[in-house]
Amino acid sequence: MQKFVCIHGHFYQPPRENPWLESVELQDSAAPYHDWNERIAAECYAPNATARLLDGEGKIASIVNTYSRISFNFGPTLLTWMKRALPEIHEALVEADRCSRQKFAGHGSALAQVYNHVILPLANRRDKYTQVLWGIRDFEFRFGRKPEGMWLSETAADSETLDVLAELGIRFTILSPFQAKSVRELASNQHWEDVNVGCIDPSRAYLRKLPSGREINLFFYDAPVSQAIAFEHLLESGERFAGRLMSGFSDQRPWDQLVHVATDGESYGHHHRLGEMALAHALQHIESNHLARLTNYAEYLELHAPTHEAQIHEGSAWSCSHGVGRWMANCGCNSGGHAGWHQDWRAPLRQALDWLRDQLAPLYEKNGAGLFKDPWVARNEYIDVILDRSPENVAKFFAQHANHPLNEVEKIVAIKLLEMQRHAMLMYTSCGWFFDEISGIETVQVIQYAGRALQLARDVFEQDLEPGFLDLLQQARSNIPEHQDGRVIYEKFVRPAMLNWEIVIAHYAMSSLFEAYEQRTHIYLYDFESEERQVHVAGKTKLAYGRVRVGFEIARESSVMIYAVLYLGEHSVICGVNSYSVAKAFQQATEAMRAAFERSDYAEVIRLIDHHLESPSYTLKTLFKDEQRKILNEIIAAARDDVERGYRLAIERHLPLMNFLRDLHIPPPGPLQRAAEFNLHADVCRALAAEKPDLDRVRPLLEQVHARQSHLFDAELAYVVKTTLERMMQKLKANPGDVELLQYIAALAALVRGTPLDLNLWKVQNTYWGMLQSEFAIFRPQARPADPDAREWTKAFLALGEQLNFAVKHLGAAA
């Protein structure tokens, strides 16, 4: 009997992009990170690509990419964000798959995933097909090969779903053992054996023969061990993790056995801090002690064809004990965090979205028939445009699928039709139903996708489906009294997010007062070209007006608009926007605005903006969230500087008294104490954030912080130190021979290491590890025995390694 181990991680986050900007906006709940994708990437996705293996003294002995030795899948929408925001992690995943093909007999460890995590048993076959096809195409685009396996959203499956997978060439998928209904040996007519309530033997692969005559292989993961990883703190010890995996083997089975687990990949670092280190250690422990052979599903399947077939419970999933009720009804499944809350809203939410889907489909088909050879084939193939929106690729798409040469207006309509269908699928992302409350961010997100689909339908069909949709959505009752129901939530959180030309231009006009744009500039999905602009300044007050052309890069449509914006200082901004059709009158109005501004009659300027632009007045509240926060931070920084100056004056005025009180061991008055601490914290942050911090200046400041209270060693100061060290290490990476810089970084690291700061030096350590693998071999004295500079460099490099917690003593001895 040979023992095989396979660990699968399902890495996924729901799409968080603003549907009108296609970007993830600032999420304060993820602080100090920009958003939850970024935070979870820092806690899990990146650490698993560079997991630390420690020696017996707790020093870093090695850094490894765990993905290359496990089975994994990432959601396509998450990878889309990752490639744009954190391309180095995206590339690490692709490289891990390449390495796994070498390790596992040509079989890559990466699996594809249903495109946007739709619960496929609740989708119609047409949407099932598109979701699976898009997931496959996205995988091929990133990994450069065809996927052998596919992860189903929440492992939700029925025969039709499995049939679509098989039709599109997927060889296997992974299910919960509780989804298995019965099994029997292949090539036998024996009765089916009941394996309900998770009784199936997970140590082998199974064949599922489908009604269509197609077949697909199934793996049912080991539930007890998977449960222990996710919920029983198994990741507190890598060796204990390995031992638990090995306990899954049984001497009662004479055949080659596979012990395999499947959990959310976020268990390894996000849900369980340092879980990626436990994973890396468990893999090393199993391999180095020859306890079992690591494998992935495709390699195991090649070595061990199924000897049994299985039937499943139709419409079942791993995270709902009621089939797929969690995504359509108040089945009783919830997070458990809100006693007394109901999930009655789930059914009317799905009914509203189903109604919208079924209203849009015939309209899409009818209008698409005048543009495409086959509208539904065009939708399937639209994934190629989503992955590459270059003009050349869009032209190629139309050449293949348009039923006649399309003019520019027809191309705009065609793209809007396809985008409407894309959002009509995004609105079924499973997380919209998973949690407890309809006003939660995940559910609001899917309703926003519905809102975008409604807006596109209104543009293309000149038919307003929103009233009918909201009548159905109103039946979805919130647990929170002030949110009432789905209609109120739509008005609160969806309608304000909707964009049109006027709002986009208002953003451009207002933000241009705080950021100097070139004549041509790009903001999210929009290209702006300033055709005319005048700015008048009086102190902090500004008046700007002009004409600008804006283009929307997805639909490739454009418009010319005029604007006027008045800034009165701090957060007071008033903006008006209108179409270019009123340009002549606007030119006359701008002269009146300028005259009123020059005599400081700002009330008259505001009246002229309101009168001549005839649009809602826009304020900073209208700005896209990130730009809004950026501007407000500038305003807040100015206010903070004013407070700091006031505090310094107070401290200087009362310094003799404070010194006298200190000599008498009498604590100073609270307000003076807080003022002194505020200024000290500001001073040390400013000193450490300098381009090259002056260590002689930093050292006494840190001593003062030590002498006061440790609460000044806070997250803000830790972030400043982390950022500075990362910046200095990048300089060293660009100039690896700079021994003075190397010595300086080692001294800075030693200085801050002696503080109680909770420092995240992950990027710093990664950079050091990379240099250890490359530059160290060049400068090491063995390579250049007569070179004193190389010896000095090596000594400084190893000193820095000590400060960064690397096991470098043996390297020093060898040197």
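Modeller: A contact here means heavy atoms within 4.5 Å. Among contacts in the protein chain between residues at least 6 apart in sequence, 68% join residues at least 24 apart. Keep in mind that this is a predicted model.

Biologist: How many helices and strands does the protein chain have?

Modeller: There are 30 helices and 19 strands. The radius of gyration is 31 Å, close to the 28 Å that the globule rule gives for 815 residues, so the chain is as compact as a globular protein of that length.

Biologist: What box do the C-alpha atoms fill?

Modeller: Roughly 95 × 75 × 60 Å, along the principal axes.

Biologist: And what share of the residues is buried?

Modeller: Buried residues are 56% of the 815. The accessible surface is about 34,700 Å², and 51% of that belongs to carbon and sulfur atoms.

Biologist: Now the helix. What should the span of H26 be, and why?

Modeller: H26 covers residues 739-753, which is 15 residues. At 1.5 Å a residue, H26 should span 21 Å, and its end C-alpha atoms are 21 Å apart, so the two agree.

Biologist: Which residues of H26 are buried?

Modeller: Among them are Val739, Leu741, Leu742, Tyr744 and Ile745. Further along, Leu748, Ala749, Leu751 and Val752 are buried too.

Biologist: What covers them?

Modeller: The cover includes helix H23 (670-688), helix H24 (695-707), helix H25 (715-734) and helix H29 (788-803).

Biologist: Last one. What does Asp738 reach at the start of H26?

Modeller: The backbone nitrogen of Glu740. A side-chain oxygen of Asp738 comes to within 3.3 Å of that nitrogen.

Note on methods:
Residues numbered from 1 in each chain as written. Predicted model: local features only at pLDDT ≥ 70, side-chain atom pairs only at ≥ 80, totals over all residues. Heavy atoms only, no water. Helix = DSSP H or I, 4+ residues; strand = E, 2+ residues; numbered from the N terminus. Expected span 1.5 Å × (residues − 1). Buried < 20%, exposed > 50% of the residue type's maximum accessible area, 1.4 Å probe, protein only. Polar contact = N/O pair within 3.5 Å; in protein donor to acceptor, adjacent residues only side chain to side chain. Rg over C-alpha atoms; globule rule 2.2 N^0.38 Å. Areas by Shrake-Rupley, 256 points an atom, 1.4 Å probe, with all protein chains shown as cover.
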